[in-house]
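Dear colleague,

Please find below the structure that I am handing over to you, together with its sequence. My notes on what was found in it follow directly after.

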Amino acid sequence: MAGNDSLAEFLASAVQAAQEAGEIIRKSFYQTKNVEHKGQVDLVTETDKACEDLIFNHLGKLYPTHKFIGEETSAVLGAAELTDEHTWIVDPLDGTTNFVHGFPFVCVSIGLTIQKVPTVGVVYNPILNELFTAIRGRGAFLNGNPIKASSQTELISSLLATEVRSVRMAGSCAMNLCGVACGRLDACFELGFGGPWDVAGAAVIVREAGAEVYDPSGKDFDLTSQRVAASNPYIKDAFVEVLCQTGC
């Protein structure tokens, strides 16, 4: 595991990359978009591609020996294998459908894994000007202020978020996870999302805020499984029980 000084440097580099990509998103948000389909419902825009190129170029120059996994790159080349190497996992624009429709739940998501463990996380919404950051073992922050998960103990009183393909909810897995981290949401889950780039950054933030991230079945979280649930620790067991009853 890298030392604290290295981790702080990695975080600062990721924040700078996210903010520069966020500026591209902000400038393009209210403009006409050139939209393509990469599946029946999944959209991709020139902004997605431009942001991923910017982030990879920025971090690649600083850390030429590191590995990179990105949503748009994987869409073209196929999924890359996650190894023990320092690996940046990037969703350049999580919430592309929201972006196309001018719905402000969009973000840049950057996560760094070390020995396959999510270690540094940055999630930045340039429209709402919200920057979520975390380093494993050192807490989670929103715009520099510490954040904590909610203390809600009753599932029936909890605010829950999810995503399904036919109905739009918040439209961003990373933003939902950060909502749990800062206590806006008590729990969230999603099945079948795009890939590890949707969760790598936010998983660090969730854990460092005192919440838990796990498989909807209650098993340990697997970054590559395309299944995720998160909640404060008080409602986890009840939440998992309900999820299991629904077949998750």
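Tyr-30 is exposed, with a relative accessible area of 70%; exposed here means over 50%, buried under 20% and partly exposed in between, with a 1.4 Å probe and protein chains only. Phe-29, by contrast, counts as buried at 1% relative accessibility. Phe-29 and Tyr-30 form an edge-to-face aromatic pair, 4.7 Å centre to centre with 85° between the planes. Rings of Phe, Tyr and Trp (its six-membered ring) pair if their centres lie within 6.5 Å, and planes under 30 degrees apart count as stacked, over 60 as edge-to-face and the rest as tilted.

As to provenance, this is a predicted model, in which local features need pLDDT of at least 70 and side-chain atom pairs count only at pLDDT 80 or more, while totals for chains, interfaces and linings use all residues. Residues are numbered from 1 along each chain as its sequence is written, and side-chain values use heavy atoms, with hydrogens and water left out.

A search of the whole structure finds eight aromatic pairs. Among them, Phe-189 and Phe-239 are edge-to-face, at 6.2 Å centre to centre and 70° between the planes. This pair links distant parts of the chain, 50 residues apart: Phe-189 belongs to strand 11 (residues 187–191) and Phe-239 to helix 7 (residues 236–245). Helices (H or I, at least four residues) and strands (E, at least two) are DSSP runs, numbered from the N terminus. Both Phe-189 and Phe-239 are buried.

Strand 11 is largely enclosed by the rest of the structure, because four of its five residues are buried. Strand 11 pairs with strand 10 (residues 160–163) in the parallel sense over four bridges, and with strand 13 in the antiparallel sense over five bridges; pairing requires that DSSP find at least two bridges between the strands. Phe-189 is the bridge partner of Thr-162, and Ala-187 stands opposite Ser-231 in strand 13.

The largest nonpolar core has 38 residues, and Val-228 is one of those that touch the most other members. Such a core is a set of buried Ala, Val, Leu, Ile, Met, Phe, Trp, Tyr and Cys residues joined through side-chain atoms within 4.5 Å. Elements giving two or more residues to this core include strand 7 (130–135), helix 6 (200–208) and strand 13 (227–231), while helix 5 gives the most, with seven residues. A second, separate core of 29 residues includes Phe-29 and Phe-56.

Yours sincerely
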